[in-house]
Every structure is written in structure tokens, then in C-alpha cells.
Amino acid sequence: MQIPIEAYNKEYKDRFLKYYDEFKWLYHELYSGRTDMFESLCDEMFRWYKERGTELKEMDRDRERHPDWYKGNQMLGMMMYVDAFAGDLKGVRKKLDYIEECNVNYLHLMPLLDSPEGRSDGGYAVADFRKVKPELGTMEDLEELAGECHKRGISICLDFVMNHTSEDHEWAKRARQGDPEYKSRYYFYDNYDIPAQFERTMPEVFPTTAPGNFSWLPDMEQFIMTTFYPYQWDLNYWNPVVLNEMIYNMLNLVNKGIDIIRIDAVPYIWKQLGTNCRNLPQVHNIVRIMRIITEIVCPGVLLLGEVVMAPDKVVPYFGSVEKPECHMLYNVTTMATTWHSVATKDAMLLKQQMNVVNTLPKDYVFLNYLRCHDDIGWGLDYLWLMQFGIGEVSHKRYLNNFLTGQYPGSFARGELYNSDPASGDARLCGTTASLSGIEKAAYERDDEALKRAVSLDLMLHAYMLVQSGIPVVYSGDEIGQENDYTYHKDPKKWDDSRYLHRGKFLWEKEALRKQKGTLQQKIFDGLKRLEDIRKEKQLFCGDADVWTVDTWDKSILGIVRANKEEKLVALFNFSEFDKTAWINEDDGIYTDLITGSRMEAKGVNIPAYGVYWLYKRRKEPKEA
Ligand code: GLC
């Protein structure tokens, strides 16, 4: 190493030495014999640490002292596109009061780094990791926004798109000119022999919008690996330069004040012939390396893994207690199962899914959400559904039919995504409001249906908020924003239906939330009330015990949260009929935290799409 360990200051040296052996071992496991690359990585890390601002270092120390800082019931997230929400970064800064009013202290700004117009995959094709998209502002604007957020106690999350670069990235351009140094950062092939072998085991991500995993480059007369869109070139992490350089790109972002790094599409980063190129052991090795690096350079920073996979593939990204990987992961199966319950009016699978989540260690922090910028993929527990004779393909067809409003009596207004005629598979797009029936009812001016739809929308949010972890609201959902169909006519967007739920935030609608009786007021105030209760009551913290209860009605989900002092029985009616939850918690009178009504938790009548948060204090244990 050019910088000897003796040159490190005490703080850095202590952190470094704590992880050194494991770090070195992991790195050499991937890149055996590349001590030179390991040493230059170590040198650079120290440089990034030295460059890190004093206030950020203070924040690191504070968070090191309180490592559970993100685990309480106070955290509430919102995710948004900067341009859709407020035009640019300066605009977001001006709207921080509104963001705070939404109870948000975790702000996920969707990809905002430089990426080519019309070939950006919503910003996930990055052309320059050190530059903000000019139309959104500059790196200085980002830094200022982060600084202002920190003053207000808001953490910022940013995507780190490490699986690929845009074909317009400097490396890609140089590779295109034939420079071998840069070509070795991607996967190039002279003919289709190897790609054909890969294709045998590698599933497709976008079977309709971008079929296959390789693209032909006519100017180079070569194939290149492109798992996502053809303009997103997969990075070759077999080359240690790629890992090192990408780590520096990440450290650059955290030094601008980013608190949470969302590792985009992380399961895909390592490719190996003969495998499905997902979740390979090397991926976990790299994520652990990233965790170690953040613990050494910027321990206040959190890693959020974007792992949209089956539950058994998701959980390993937390790593182990001794060797943690990500701090947080998306609760993707619960999200998809929630929409399954909406479409089937049956909460049994959701109960089963809650039981699975409840068996996991309480240290695991999940991000709970109803909608995000992506489609809903139907990754459900089909093995469990099979006992009721429900098959995967036909069930997906039913869910998609219902949620796109094709099914008789359906209230939902979604659109299909990547519908693959070959496999019969399709995913789904739409906003919470449109999928809950608000769009249809408002259009048809059907007041009764609108009332039901608003109840469903709020009930779903209440369900999201009752789960352990960090709830994340998708910007616009707080005012019941509907689908945006303008993308149909936009030549740069029309073929990607995810733009259906990526519309502009409608400030003229937001203004209506202050008028009593408007749809926006009902959703905004209803949601805020739930969030306020969550913030106030200790039993929403991740350390509470959580279990499901039988309600003897398959459309009613019953969840109990309890700690030593308090107990909550939460009931959610997924059907359009008034129902009775046949529970029998024989322990006195509860208060519904939402309405203030008092009742026993026994044979509870619950209106269509209704929700109860029945709460009571438990008796203090008697002194021995
Ligand atoms: C992630 C993003 C998605 C994007 C993909 C490729 O899954 O959420 O929007 O298309 O990565 O970067």
C-alpha cells in the first residue's frame, strides 16, 4: 500500500483494522493474486474518508453510537422522481415543508444522474456517475439539498446503478473505439457461440420490451451483454478495475451527503456461464465488501438492496448477524401478495406471507410499500396456492384481468407490463388509487363506489403501516393520484407501461387536500392520521412481537402487535361487504386508535374495506 496503515488517524485505523482480515480475504476470493488492486482500493478508501465533510463525519459518529437509528417507528419514507415532483433539485428544496408535512424523514430521489434522453430506462442507464442530469441541476444542488434535508432530520436515498452503464458512458465510448482496457469492463463476444450458451440458462428481464440478454453492435460487429435494455451494457465484475472504480463512484455519492445507497438490481451483478446469472455467491461477496467499505469510510450510510426475487433469495442479502450485508431490503413478496388479496378479496395467502415474515429475526429491516416506480411482478407462493387447486399461469391471468379492469365487476384500472405471449406471463402497472377503484368511480361519478375505493386505499395504507420496518409512500399516493395516460403519446415512453404510474405530481390536486370533503383531503388526512398514530405508539417499533390471528373469514386479515406494555389487534377487511371478524381476544376493552371507538376484541363487525387498529394497554406484570 502506498499509504502505510501508520499514516491513518485513530478513528479510521480502528475501523479499518476491525475488518481488515475479512476484507482482504473476500477481495482475494474474487480476484486472487490481485494484491495491487486491493491495495489501491485501500489507498483510495482512505482518501475518500479524508475528503468526507466534517458534518458528515459527525453524523457517522452519531449513528455509530446509535446503530439502530433507522429502526424505530419514526421512520417514514417517500419515493419520487425529482422532475415529476418539483421540476428540479432546487424545486425539491422549495417543497421540503410539504415533504415534512407528509411526515417523511427518508426521501428516495429516483435516479437523477446524467443519462441519455430517450435511452435512459427512467434514469437507470447512467452515462456519468459524477454528474447530475443537467435539467435537474448540479452536484452542488444535490449537496445543498442533502445538507438542508439533514438539518430537518431527513435522510436521502439514491440509486446506485452498478449492474450496467449507459452505452453513452465514457467507458462504453472508449470500448466502442476498440480500447481493450475499456472493452474488458464489459462482456463482448465476436460471435453468438457464448451468448447462445448463456441464453440457455439465463432468464429474460424484459421479455417483450427488450428480449434476450445480448445485443448486436453493427459498428463493432460484436455482441455485448445487455441483461436489461440494449443501451444498458452489463459491467464485467470479473475485472477488479470495475469493482474498484464503481466503489469510488459510490463513495463520491455518499460524500455528497447521500445517506442510503439503493443498490439497484444487485442480484444480477455477477455473470457465470451455466448459471441463471442471479444471486451467485460472488454477488454476496461483493455486497459484503461494500458493507465493510461503508463501515470503514462512512458508517452512517445504509445499504438498501433492490432484490426483487422469491423470499428465499431475498433474505440472504441481509447476510448473517456477524457478517451483515444490506441494512434494508424491500418487502416485495408482501407487496405483491397484498394486490393478490385485493383482486381475490381473500387474505389467506397474505396471512401465510405475514407468518413467514414474522419468523424472521427482528433485526431485519424491510421497506414496506404498496407501489413504487416499477411494475408489480406476481412472485407469489404458488406452492401454497396449489393446495387450493390454484395454478400459477391461470392465477396470474386472473390477477391481471382483474387489476386491468377486464374481469366483470372489477373496479381496478391497471395496464399490463411485459406481457409475454410465449409464457403467458405478464406483470402489472398502475397507481394505488387507480388500482383501488378511485379512478373508475371518480370517472363514473359514482359516489358510493368512490367511498368504497377511498376506504380500500386507506385500508391498504393502514396495512402497510402496521408491518414492522420502514413504510415508504410512493409520491402522489398521499393525494390519491391516478394513472397518467400521457405516456401513450410520448415517442420516448409509449412502449414502457411503467410510465403509467410515473406521472407528474399534480400540485393543483394537492391544493384540494385543504378543502374539506375532497378526495385529496380524505386520503391525505386519513393517511396522515395513521402515520401520526404510528409515530406516537411504541409498539410500532421493530422490536414488538407480531403474529397473525384467525378471523374465520378469509377476507379479513388479523394481525397482533404487542410489547410488554401495549397490544394492538389490527383488522383489515379485503372484501366489499361488511363482515365479522370472529376473533376472541378475551382481555377487556380496546380502543380503535383511528376512530376512538371502544369495543371488545370479540366478534368484531367490520365494514366493507374497513380497518380497525384496536389498542389497549396490558396489565403491568405483578411484582413477585
Ligand atoms: C431496477 C429498477 C428498474 C430498472 C432496472 C434496471 O430493477 O427498479 O426500474 O429498469 O433496475 O436498471
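Q: How much space lies in the second largest pocket?
A: Rolling a probe the size of a water molecule over the atoms shows where empty space is left. This is a predicted model, in which local features need pLDDT of at least 70 and side-chain atom pairs count only at pLDDT 80 or more, while totals for chains, interfaces and linings use all residues. Residues are numbered from 1 along each chain as its sequence is written, and side-chain values use heavy atoms, with hydrogens and water left out. The second largest pocket holds about 770 Å³. A pocket here is an open set of points, on a 1 Å grid over the protein atoms alone, with protein on both sides within 12 Å along at least five of seven lines; a cavity is a set of points where a 1.4 Å probe fits but cannot get out; lining residues have an atom within 4 Å of a point. Points are joined across faces, edges and corners, and a volume is the space filled by probe spheres set on them.

Q: Which residues lie closest to the centre of that second largest pocket?
A: They are Asp83, Ser120, Gly122, Lys493 and Tyr499, out of 32 lining residues. By class the lining has 14 charged, eleven nonpolar and seven polar residues. In this scheme Ala, Val, Leu, Ile, Met, Phe, Trp, Tyr, Cys and Pro are nonpolar, Asp, Glu, Lys and Arg are charged, and the others, Gly among them, are polar.

Q: How many cavities of 30 Å³ or more does a search of the whole structure find?
A: The search finds five. Helices (H or I, at least four residues) and strands (E, at least two) are DSSP runs, numbered from the N terminus. The lining of the largest cavity divides into eight nonpolar, six polar and five charged residues.

Q: Which element gives the most to the lining of the second largest cavity?
A: Helix H22 (residues 519–536) does, with four residues. This cavity has a volume of about 50 Å³. Among its lining residues are Leu76, Met78, Cys102, Val473, Phe524 and Lys528. Seven of the lining residues are nonpolar, four are charged and none is polar.

Q: How many salt bridges does the count come to?
A: Side chains of opposite charge can pair when their charged atoms come close. The rule asks for a side-chain nitrogen of Lys or Arg within 4 Å of a carboxyl oxygen of Asp or Glu, and the count comes to 53. One of them joins Asp259 and Arg63, at 3.0 Å from N to O. Asp259 sits in the loop between helix H11 (240–255) and strand E11 (260–263) and Arg63 in helix H3 (residues 54–65), so this pair ties together parts 196 residues apart in sequence. Both Asp259 and Arg63 are buried, where buried means under 20% relative accessible area, exposed over 50%, and partly exposed in between (1.4 Å probe, protein chains only).

Q: Which parts does the salt bridge between Arg498 and Asp374 tie together?
A: The two side chains meet at 2.9 Å, N to O. Arg498 is in the loop between strand E17 (470–474) and helix H21 (507–512), and Asp374 in the loop between strand E14 (365–369) and helix H16 (382–386), so the pair links parts 124 residues apart in sequence. Arg498 is buried at 4% relative accessibility, and Asp374 is buried at 15%.

Q: Is Asp312, which meets Lys313 in a salt bridge, buried or exposed?
A: Asp312 is exposed, with a relative accessible area of 54%. Lys313 is partly exposed, at 35%. Their N to O distance is 3.2 Å.

Q: What is the strand order of the open sheet of three strands?
A: Strands of a sheet pair through backbone hydrogen bonds, either parallel or antiparallel. Here the order is E7-E9-E8, with antiparallel pairing. Two strands pair if DSSP finds at least two bridges between them. Strand E7 (188–189) and strand E9 (residues 222–225) pair over two bridges, and Tyr189 has Phe223 as its bridge partner in E9.

Q: How many disulfides does a search of the whole structure find?
A: A disulfide is a covalent bond between the sulfur atoms of two cysteines. With a cut-off of 2.5 Å between the sulfur atoms, the search finds zero. The sulfur of Cys157 is 12 Å from the closest cysteine sulfur, in Cys326, too far for a bond.
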